[in-house]
Amino acid sequence: MKLDKRFKSKPAKVKSFNQSLEKKLDSLARTLNENGNASLSAPRAGLNKRIILLKTSDGETVELVNPEILKEKLDKKVNPDYQAVAIKYQDRKGDEQTALLTDAEAVRFYYELEYLDGFKDEECGHEYEIVHGFQDSYEQCSKCKLAKQ
């Protein structure tokens with residue numbers, strides 16, 4: 001299966017934090033909830049912007065506008081079941097925030113980040129393995145860390 005060419009380029013950074021953005025974020029949240037997903041990037045919903053929505057383990061939806069990785073921990077020698085990524089992002093008002101995502105939340109973040117950084121799915125040749133996180137289990141590629149959805 002060929003990857004849609006829209007997913008190979010990087011979406012635009014969000015620059016205007018206004019009512020239009022709030023409507024787009026609300027629409028993305030509706031799409032996320034209606035489809036029962038745990039994460040959604042704006043490009044997957046047809047919006048060419050650097051936005052990711054994640055559901056946390058307690059069911060809260062977090063809006064990550066212009067997310068960036070600060071630090072990641074993917075150390076299979078210390079604990080193969082633990083993944084963490086520290087990120088910074090902007091909220092819907094444009095205020096900078098930071099968060100530490102772990103286990104399944106980190107995996108979902110990496111999955112959606114591929115849509116923001118130019119998807120490289122065809123280049124990897126995924127080798128999936130079961131990973132047991134703190135609260136749940138999931139399949140992910142041992143090479144690129146892409147979660148199987």
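Visitor: Is Lys 93 buried or exposed?
Guide: The model is predicted: local features need pLDDT of at least 70, side-chain atom pairs count only at pLDDT 80 or more, and totals for chains, interfaces and linings use all residues. Residues are numbered from 1 along each chain as its sequence is written, and side-chain values use heavy atoms, with hydrogens and water left out. A residue is buried under 20% relative accessible area, exposed over 50% and partly exposed in between (1.4 Å probe, protein chains only). Because its relative accessible area is 61%, Lys 93 is classed as exposed.

Visitor: With which residues is Lys 93 in contact, leaving aside its neighbours within four places in sequence?
Guide: Lys 93 is placed in the loop between E4 and E5. Its C-alpha lies 9.3 Å from that of Ser 16, a residue 77 positions away in sequence. Where contact denotes heavy atoms within 4.5 Å, and with those sequence neighbours set aside, the partners of Lys 93 are Phe 17 and Glu 22.

Visitor: Which residue in the turn between E4 and E5 has a positive phi?
Guide: Strands (DSSP runs of E, at least two residues) and helices (H or I, at least four) are numbered from the N terminus. E4 and E5 form a hairpin with 5 residues between them. In that turn, a positive phi of about 95 degrees belongs to Gly 94.

Visitor: What is the bridge partner of Gln 90 in E5?
Guide: Strand E4, residues 84–90, has 5 buried residues out of 7. Within E5, the partner of Gln 90 is Glu 96.

Visitor: Why is strand E2 described as largely enclosed by the rest of the structure?
Guide: Strand E2 covers residues 51–55. The description follows from a count of residues, because among its 5 residues the number buried is 4.

Visitor: Which residue in E2 stands opposite Leu 40?
Guide: E2 pairs with strand E1, residues 39–41, in the antiparallel sense over 3 bridges. Opposite Leu 40, the residue in E2 is Leu 53.

Visitor: Which side chain is joined to that of Ser 39 by a polar contact of 2.8 Å?
Guide: Ser 39 belongs to strand E1, and its 1% relative accessibility means that it counts as buried. A polar contact is a pair of N or O atoms within 3.5 Å; within protein, one must be able to donate a hydrogen and the other to accept it, and residues adjacent in sequence count only if both atoms are side-chain atoms. The side chain that makes this 2.8 Å contact with Ser 39 is that of Glu 112.

Visitor: How far apart are the end C-alpha atoms of helix H1?
Guide: H1 comprises 16 residues, 19–34. The expected span is 1.5 Å times one less than the number of residues. For H1 this expectation is 22 Å, and the distance between its end C-alpha atoms agrees, at 22 Å.

Visitor: Within what arc do the buried residues of H1 fall?
Guide: The buried residues in H1 are Leu 21, Leu 25, Leu 28, Ala 29 and Leu 32. They line one face of the helix, because, in directions from the helix axis to the C-beta atoms, they fall within an arc of 100 degrees.

Visitor: Which exposed residues lie on the face of H1 turned away from its buried side?
Guide: At the start of H1, a side-chain oxygen of Asn 18 comes within 3.1 Å of the backbone nitrogen of Ser 20. Just after H1, Gly 36 adopts a positive phi of about 70 degrees. The face turned away from the buried side carries Gln 19, Lys 23 and Glu 34.

Visitor: What is the phi of Asn 66?
Guide: Asn 66 lies in strand E3, residues 61–73. Its relative accessible area is 5%, so Asn 66 is buried. Its phi is positive, in a residue other than glycine, and is near 55 degrees.

Visitor: What is the phi of Asp 103?
Guide: Asp 103 is part of helix H2, residues 103–116. With a relative accessible area of 9%, Asp 103 is buried. Asp 103 is a residue other than glycine, and its phi takes a positive value near 50 degrees.

Visitor: What percentage of the residues in the protein chain is buried?
Guide: The protein chain holds 3 helices and 7 strands, in the order α-β-β-β-β-β-α-α-β-β from the N terminus. Of its 149 residues, the buried share is 38%.

Notes. Two strands pair if DSSP finds at least two bridges between them.
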